[in-house]
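Please consult the sequence and the structure shown below while reading.

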Amino acid sequence: MTVDTARGGGTVSPPPKGTARPSGAAGGAPPAGHGGCACADCPHGVREGRRRALAEFRRRRDELAAGIGVPAALAHSPGASRQWVSDELTQATRTVAEHTRAESAFRLGRLWRRTAAAVWGAVALLLAGQAVTAVLGSGWTTGRTASLAAALVCAAVLTAAALLHRARGGVLAPVTGEDGRLSTSRTVAAVWVLLASYSVLVVAVGLALAPGADAPARLLAGLDPGRGAGLLTVLALCCAVAVTVHRTVALRVRAQRLQKVRADRPRAADLLTDDGGRGSFTDVQYVAVCSAAAVLAAVRLARRPGELPDLPWGLALLVAISALTYLAGKYSEGGRPVILSVVRSREVGDLDSPIRTGDDIEIRGSGFVPPGAEAPDRLARTTVRIGAVHVHVPLVPVTGGFANPADTVLTVPVPVDVEPGRVEVQVITAAGVETNRYSIDVLD
């Protein structure tokens with residue numbers, strides 16, 4: 001199986017601060033807008049440095065895959081040339097990885113401004129909507145004032161939180177998991193917490209501004225548990241799911257039943273995909289159902305700002321079914337990598353024989369490349385323990401990717417340091433998870 005590396009990251013050590021590389025074929029000044037420089041102290045330079053390092057890596061990988069650039073002294077030995085190519089590419093992946101980390105740090109540091117701007121943009125939309133409905137309806141009311149004031153309070157709190165966590169993505173910091181990805185369960189729970197808090201603030205501001213003697217009693221009645229039972233049930237359920245998923249994932253990772261590879265930075269797509277970037281049914285259905293329920297709750301709050309939005313029990317049951325489906329998916333996803341068989345790798349025209357030191361062995365199984373570990377620098381971390389010797393799985397390039405390591409097959413040489421006899425083979429993935437032990441016989 002060929003592992004595609006189009007998404008792969010990597011880095012080269014950034015140039016000294018204040019220096020710049022020439023851009024363009026003529027090596028002239030960078031184009032207007034600072035978009036072509038590669039200085040290490042600006043986002044454009046960091047992005048350009050990563051782009052160049054990645055382009056150079058891909059060019060070098062494809063050249064080596066075609067046999068270009070391999071020393072002639074190694075041409076007579078397929079094993080030696082393969083190891084040399086692997087070492088060259090491994091060094092190049094470290095360079096690309098450094099640039100990727102630098103770019104991710106810059107993007108994460110700037111993300112808090114965007115999240116804060118999105119929060120205040122939502123407040124501006126609310127103000128515009130309130131103004132339009134006031135003109136078309138019965139004019140500006142106390143309820144509209146309460147809604148806008150509550151939105152300003154929430155926006156101020158979120159902006160302060162974004163500023164406090166500006167190095168970790170701003171508002172996104174509380175909903176980002178330990179693996180650097182946006183957590184679906186935390187995000188859904190955060191939406192319901194924010195909606196419930198906003199509803200209570202609307203009632204509180206309305207209580208402070210309510211005219212008349214009976215208005216306070218009417219507003220307090222809007223907080224009666226019987227009115228907001230559906231909302232409170234959904235809120236409690238989503239928060240319980242977020243806590244349960246966090247503990248479940250942590251326990252499964254520690255028990256080596258789930259492989260987790262850290263992402264470079266959080267992305268919006270994390271809410272709907274698995275760690276490998278593939279669409280996840282359980283995540284999509286959970287986000288879709290909870291989003292529809294949250295929209296209904298917001299509409300009911302807009303129509304009756306003086307009380308908690310009353311969610312129908314049928315909708316609360318739908319959210320519960322969706323949450324249970326999501327939770328079951330988290331329990332069933334992943335799994336420990338496993339070795340199914342180990343055979344001697346036979347070249348065309350080679351005779352069949354037992355495994356000896358210096359031979360290549362083919363390890364067949366599943367889960368050798370964890371989701372999210374398709375980047376070249378992470379593929380290079382795959383290791384095989386043969387007896388007491390740790391063998392780094394060589395990177396075997398092909399045009400556009402790598403043929404080794406793959407998720408189901410690994411090819412490694414048996415080192416001469418392996419003692420003849422019965423030895424155990426075990427794969428250690430890029431996530432640090434170990435497979436089962438598989439015994440083979442090695443002859444002199």
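**The β6–β7 hairpin**

Strands β6 and β7 form a hairpin with two residues between them, and G400, which lies in the turn, has a positive phi of about 90°. The model is a predicted one.

- Strand β6 covers residues 396-398 and strand β7 covers residues 401-404. The two strands run antiparallel and are joined by three bridges.
- Within this pair, P397 of the chain stands opposite F402 in β7.

**The four-stranded sheet**

- Four strands make up an open sheet with the order β5-β4-β9-β10, and their pairing is antiparallel.
- Strand β4 (residues 383-386) pairs with strand β9 (residues 421-428) in the antiparallel sense, over four bridges. Here R385 has Q426 in β9 as its bridge partner.

**The three-stranded sheet**

- A further open sheet consists of three strands in the order β2-β3-β8, with antiparallel pairing.
- Its edge strands are β2 (338-344) and β8 (409-413), each of which pairs on one side only.
- Neighbouring strands of this sheet are turned by 25° against each other on average, direction ignored.
- Strand β3 (residues 360-366) is joined to β2 by six bridges, and the two run antiparallel. R344 stands opposite I361 in β3.

**The chain as a whole**

- The secondary structure of the chain comprises nine helices and 10 strands.
- The chain has 444 residues, of which 44% count as buried.
- Among contacts in the chain with a separation of 6 or more, 70% are accounted for by residues 24 or more positions apart.
- The chain exposes about 22,000 Å², and carbon and sulfur atoms supply 62% of this area.

**Helix α2: D87 and L136**

- Helix α2 spans residues 78-136 and includes L136. D87 also has its place in helix α2.
- D87 counts as partly exposed because its relative accessibility is 44%, a value between the limits of 20% and 50%.
- The C-alpha atoms of D87 and P394 are separated by 7.8 Å, although these residues are 307 residues apart along the chain.
- L136 has a relative accessibility of 73% and therefore counts as exposed, the cut-off being over 50%.
- Together with V132 and V135, L136 makes a nonpolar surface patch of about 350 Å².

**Helix α4: S199**

- S199 lies in helix α4, which covers residues 184-209.
- Is S199 buried or exposed? With a relative accessibility of 0%, S199 counts as buried, since the term applies under 20%.
- When its neighbours within four places in sequence are left aside, S199 is in contact with L301, L308 and P309.

Note on methods. Residues numbered from 1 in each chain as written. Predicted model: local features only at pLDDT ≥ 70, side-chain atom pairs only at ≥ 80, totals over all residues. Heavy atoms only, no water. Pairing = 2+ DSSP bridges. Patch = residues over 30% accessible without salt bridge, like charges linked within 9 Å, V, L, I, M, F, W, Y side chains within 5 Å. Areas by Shrake-Rupley, 256 points an atom, 1.4 Å probe, with all protein chains shown as cover. Salt bridge = Lys/Arg side-chain N within 4 Å of Asp/Glu carboxyl O. Buried < 20%, exposed > 50% of the residue type's maximum accessible area, 1.4 Å probe, protein only. Contact = heavy atoms within 4.5 Å. Axes fitted to C-alpha atoms, helices over the stretch in contact; angles between N-to-C directions.
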